[in-house]
Amino acid sequence: LYRDAQRLFDATTEAIWCLPWFKELSFGYRFSALMYKNSVAGYSSTNERNHYLGPYWRRNLHRGLWTMLGYERGFLNDDVRHRYDGSVGLAEVEWYRRGEMSLKAQGRYGRSTVRDDYYSAGLQARYSFP
């Protein structure tokens with residue numbers, strides 16, 4: 001939950017289903033919402049409600065190195081453009097060292113039917129103290 005003068009409500013939830021007979025393949029559903037409860041004059045804020053569905057392929061390459069490729073089909077809705085579609089391609093590489101440390105690099109590319117394009121890249125590090 002994020003608070004500002006517009007009282008923004010930001011929520012995301014997701015579910016992943018794995019196939020027991022083909023563990024490298026999974027399917028996911030993700031819902032995200034941005035809702036502004038207090039519009040400020042002279043400032044443009046748009047409420048959004050988005051649903052995404054898609055398959056993911058995850059594979060262990062060698063000794064703690066994992067890769068993941070995915071595709072998400074989006075069913076998007078906002079107060080300005082109303083209903084439209086979008087798609088997202090994503091790639092991820094993660095390296096685990098024993099159980100306490102991991103490094104992850106990820107990239108995303110998205111495009112919608114209203115000609116929105118976006119690119120993102122991220123790098124994460126995690127360390128668990130015993």
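Strands here are DSSP runs of E that are at least two residues long, numbered from the N terminus. By that definition, Tyr 127 lies in strand S7. The model is a predicted one.

## Overall fold

The protein has zero helices and seven strands. Read along the sequence, the pattern is β-β-β-β-β-β-β. The radius of gyration is 18 Å, whereas the globule rule gives 14 Å for 130 residues, so the protein is more spread out than a compact globule. Its C-alpha trace spans about 55 × 35 × 25 Å along the principal axes. Of the 130 residues, 25% are buried. Among contacts between residues at least 6 apart in sequence, 38% join residues at least 24 apart.

## The largest nonpolar core

In soluble globular proteins, nonpolar side chains tend to be buried together. In this model the largest nonpolar core has seven residues: Tyr 52, Tyr 56, Met 68, Leu 76, Tyr 84, Val 88 and Leu 90. At least two residues of this core come from each of strand S3 (48–62), strand S4 (65–78) and strand S5 (82–97). The largest contribution is that of S5, with three residues.

Met 68 is in contact with Tyr 56, Trp 57, Arg 58, Leu 90, Ala 91 and Glu 92, leaving aside its neighbours within four places in sequence. Tyr 52 is involved with a charged side chain: the charged end of Arg 30 sits over the ring of Tyr 52, 4.1 Å from its centre.

Asp 78 lies in strand S4. Its relative accessible area is 2%, and since buried means under 20%, Asp 78 is buried. A polar atom of the Asp 78 side chain lies 2.6 Å from the backbone nitrogen of Arg 81. Beyond its neighbours within four places in sequence, Asp 78 is in contact with Thr 46, Asn 47, Glu 48, Arg 49 and Tyr 84.

Tyr 84 is also touched by Ser 112, along with Asp 85 and Gly 86, not counting residues up to four places away in sequence. Ser 112 lies in strand S6 (residues 101–112). At 11% relative accessibility, Ser 112 counts as buried.

## Aromatic pairs

A pair of aromatic rings is described by the distance of the centres and the angle of the planes. A search of the whole structure finds two such pairs, listed below.

| Pair | Centre to centre | Angle between planes | Geometry |
|---|---|---|---|
| Tyr 109 and Tyr 119 | 5.1 Å | 35° | tilted |
| Tyr 127 and Phe 129 | 4.9 Å | 75° | edge-to-face |

Tyr 109 lies in strand S6 and Tyr 119 in strand S7 (residues 117–127), so their pair ties together parts that are 10 residues apart in sequence. Tyr 109 counts as partly exposed at 33% relative accessibility, while Tyr 119 counts as exposed at 64%.

In the other pair, Tyr 127 counts as partly exposed at 44% relative accessibility. Phe 129 is exposed, with a relative accessible area of 71%.

What does Tyr 127 touch, not counting residues up to four places away in sequence? The residues are Glu 100 and Met 101. Tyr 127 and Met 101 are 26 residues apart in sequence, and their C-alpha atoms are 4.4 Å apart in space.

## Positive phi angles

Most residues other than glycine have a negative phi. Arg 63 is not a glycine, yet has a positive phi of about 35°. Arg 63 is found in the loop between S3 and S4. With exposed meaning over 50%, Arg 63 counts as exposed at 73% relative accessibility.

His 82, also not a glycine, has a positive phi of about 60°. His 82 lies in strand S5.

How values were computed. Residues are numbered from 1 along each chain as its sequence is written. This is a predicted model: local features need pLDDT of at least 70, side-chain atom pairs count only at pLDDT 80 or more; totals for chains, interfaces and linings use all residues. Side-chain values use heavy atoms; hydrogens and water are left out. Helices (H or I, at least four residues) and strands (E, at least two) are DSSP runs, numbered from the N terminus. Buried means under 20% relative accessible area, exposed over 50%, partly exposed in between (1.4 Å probe, protein chains only). Contact means heavy atoms within 4.5 Å. Rings of Phe, Tyr and Trp (its six-membered ring) pair if their centres lie within 6.5 Å; planes under 30 degrees apart count as stacked, over 60 as edge-to-face and the rest as tilted. A charge sits over a ring if NZ of Lys or CZ of Arg is within 6 Å of the ring centre and within 35 degrees of the ring normal. A nonpolar core is a set of buried Ala, Val, Leu, Ile, Met, Phe, Trp, Tyr and Cys residues joined through side-chain atoms within 4.5 Å. A polar contact is a pair of N or O atoms within 3.5 Å; within protein, one must be able to donate a hydrogen and the other to accept it, and residues adjacent in sequence count only if both atoms are side-chain atoms. The radius of gyration is taken over C-alpha atoms; the globule rule is 2.2 Å times the number of residues to the power 0.38.
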